[in-house]
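Please walk through this chain, looking in turn at its pockets, its sheet, its salt bridges and one of its loops.

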Amino acid sequence: ERQKKFLHEADESVRRSCLTKDRARRGYSPIATENFASLVGEEGPNDLVKKFRVGTESDSSSSSLHQPNAWPNSEVWSDEDASFFVSSIEEYFEQTRLAADCILTAICDGIANNSDLTHSIDVLSNQSGNHTSILTLLGYQYGSRHKKGSKGYMRPLVAAHTDVGVITVLLYDSGKCATLQRVADASKADHKTEDWVNINLPSGPYFSDEPVFVVNVGDCLSELTGGSLRSTLHRVMPQTCKKDDSDAARSCIALFVGLEPSASLTFPQSGENTTYEEWRRGRIARATAVLKNPAHN
């Protein structure tokens, strides 16, 4: 409820009090200011989603992945709302990170019999509080559509992409204006495919009071497993709904799991050794290089 109030009900000035210089890692990112198509080396319209990010703060770290968080300013939001928002998001961040650790442990246990991966995945079980995970609040609003072209109405709100980190742990509500999709054939991972599957959460009495997480495999985990686990190619599409629907707006909260900046990675296919921070920087650079390549345009 606090996320919904911040993303959809509070005045825009509340969210803009959280603007930072590095919106990809901390603070508020307004609608249509980011472009996830670039993560797969593609050009496309900016994403129609509002985002707010928090992460681990560290006074002793010099890594750009550790930065101060930016919270709503009590001068533009009530002290009660601001204080409760901060405490609830910090608590969710910590608890979801613990859940993500359990999920990673289960994943590692599932591939432990593959001796070729033993060394490369060992880093996943040796993390401390110096992790670089980022918690992102995402808000989709009724009526968001790309205007360009005759097919703009049904363009993705967030373009097809894979996540850069290890895994993503996602929780979302029943908002009707958007839906999450994954590529139907993960072995092909073609972002231009027309074959997509809606992610529908299980229903029934057993699930009525329990949160149901969606877990995406990120690029780092995919490379650490030599492609045995493929990055989850996914996108967000608009859905038709009524403006006066009480649940038209959609809210999501995603934990993008990242390792310690200095965590030592060994990739089984190439034998390359690097740190997590260096690998992440290189991953972003490769996508950017594709966009800059004249042959791509």
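Which strands each supply at least two residues of the lining of the second largest pocket? They are β4 and β9, where a strand is a DSSP run of E of at least two residues and a helix a run of H or I of at least four residues, both numbered from the N terminus. The model is a predicted one, in which local features need pLDDT of at least 70 and side-chain atom pairs count only at pLDDT 80 or more, while totals for chains, interfaces and linings use all residues. Residues are numbered from 1 along each chain as its sequence is written, and side-chain values use heavy atoms, with hydrogens and water left out.

The second largest pocket has a volume of about 560 Å³, and of the 21 residues that line it, Arg-155, Pro-156, Ala-159, His-191 and Arg-235 are the closest to its centre. A pocket here is defined on a 1 Å grid over the protein atoms alone, as an open set of points where a 1.4 Å probe fits, with protein on both sides within 12 Å along at least five of seven lines, whereas a cavity is a set of points from which that probe cannot get out; lining residues have an atom within 4 Å of a point. A volume is the space filled by probe spheres set on the points, and grid points are joined across faces, edges and corners. The lining of this second pocket divides into 9 nonpolar, 4 polar and 8 charged residues, with Ala, Val, Leu, Ile, Met, Phe, Trp, Tyr, Cys and Pro counted as nonpolar, Asp, Glu, Lys and Arg as charged, and the others, Gly among them, as polar.

The two strands named above also belong to a sheet. Four strands form an open antiparallel sheet in the order β4-β9-β6-β7, and its edge strands, each pairing on one side only, are β4 (158–161) and β7 (196–198). From one strand to the next the twist averages 35°, the axes being lines fitted to C-alpha atoms (for helices over the stretch in contact) and the angles running from 0 to 180 degrees between N-to-C directions. Strands of a sheet pair through backbone hydrogen bonds, either parallel or antiparallel. Two strands count as paired if DSSP finds at least two bridges between them, and 2 bridges join β4 to the antiparallel strand β9 (residues 234–238). Within this pairing, Val-158 stands opposite Val-236 in β9.

The largest pocket has a volume of about 790 Å³ and is lined by 41 residues, of which Phe-36, Leu-39, Lys-51, Arg-53 and Phe-256 lie nearest its centre. At least two lining residues come from each of β2, β3 (134–140), β4, β5 (167–172), β9, β10 (250–256) and α6, and the largest share, 6 residues, comes from α6. By residue class, this lining divides into 22 nonpolar, 12 polar and 7 charged.

Asp-219 and Arg-283 form another salt bridge, at 2.7 Å, N to O, which links helix α5 (residues 219–224) to helix α6 (residues 276–292) across 64 residues. Asp-219 counts as buried because its relative accessibility is 7%, and Arg-283 is likewise buried, with a relative accessible area of 9%. Glu-94 and Arg-97, by contrast, both lie in helix α3 (residues 79–110), 3 residues apart, about one turn of the helix, and their side chains meet at 3.5 Å, N to O. Here Glu-94 counts as partly exposed at 35% relative accessibility, whereas Arg-97 counts as buried at 15%.

Finally, the loop between β1 (27–29) and β2 (50–55) holds Ala-32, which has a positive phi of about 65° although it is not a glycine.

How values were computed. Salt bridge = Lys/Arg side-chain N within 4 Å of Asp/Glu carboxyl O. Buried < 20%, exposed > 50% of the residue type's maximum accessible area, 1.4 Å probe, protein only.
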